[in-house]
Amino acid sequence: DWRRYFNIKIPTTEVNPETLGAANAKLNNAINEAGFFHAHAIMIEQSIRNGASNKFDDAFRALVESYRSSGKKLPANATLQKMAEGEDLGVRSAITTASARTKFWKSIVDTLHEQRRVVAEQRWIMWTQLKINQDIT
């Protein structure tokens with residue numbers, strides 16, 4: 001569904017001020033919506049990253065406290081980090097997915113902005129041609 005909605009065709013036939021204006025309005029609406037989805041994706045990614053960071057910090061502190069309370073010698077920092085990371089593939093997978101989603105929506109927004117720029121150029125060229133034709137006659 002989003003593929004059809006955000007796949008806005010720039011007029012190549014029947015190019016006139018009305019079709020370009022309609023395309024521009026449609027692009028503006030799509031940019032607003034895609035921008036919302038992009039911002040939402042950023043928020044989700046940051047939330048997952050923050051949660052993962054907090055989870056890691058808690059696990060790291062718990063490991064250090066466990067070793068200290070038992071009187072055992074602390075392993076190397078890198079070892080403690082690996083132990084704190086554990087087998088939490090789900091969180092890493094969620095971060096990867098959220099990051100991909102953020103990049104996806106960013107590319108949609110960038111593409112829509114580029115299309116709007118092209119429509120604006122077409123409108124400027126058309127306006128200039130009309131102005132030249134009026135000045136000639």
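Gln115 touches Ile8, Ile10 and Leu27, leaving aside residues up to four places away in sequence; contact means heavy atoms within 4.5 Å. This is a predicted model in which local features need pLDDT of at least 70 and side-chain atom pairs count only at pLDDT 80 or more, while totals for chains, interfaces and linings use all residues. Residues are numbered from 1 along each chain as its sequence is written, and side-chain values use heavy atoms, with hydrogens and water left out.

Gln115 is found in helix α4, residues 89-136 (helices are DSSP runs of H or I, at least four residues, numbered from the N terminus). With a relative accessible area of 16%, Gln115 is buried (buried is under 20%, exposed over 50%, partly exposed in between, with a 1.4 Å probe and protein chains only). Its side chain reaches the backbone oxygen of Ile8 at 2.8 Å.

The largest nonpolar core has 15 residues, and Phe6, Ala34, Trp105, Ile108 and Leu112 have the most contacts inside it. Such a core is a set of buried Ala, Val, Leu, Ile, Met, Phe, Trp, Tyr and Cys residues joined through side-chain atoms within 4.5 Å. α2 and α4 each supply at least two residues of this core, and α2 gives the most, with 7 residues. Apart from this core lies another, of 5 residues, among them Leu63, Val64, Leu80 and Ala84.

Glu14 is in the loop between α1 (2-6) and α2 (17-70). Glu14 is exposed, at 63% relative accessibility, and has a positive phi of about 55° although it is not a glycine.

Key
Polar contact = N/O pair within 3.5 Å; in protein donor to acceptor, adjacent residues only side chain to side chain.
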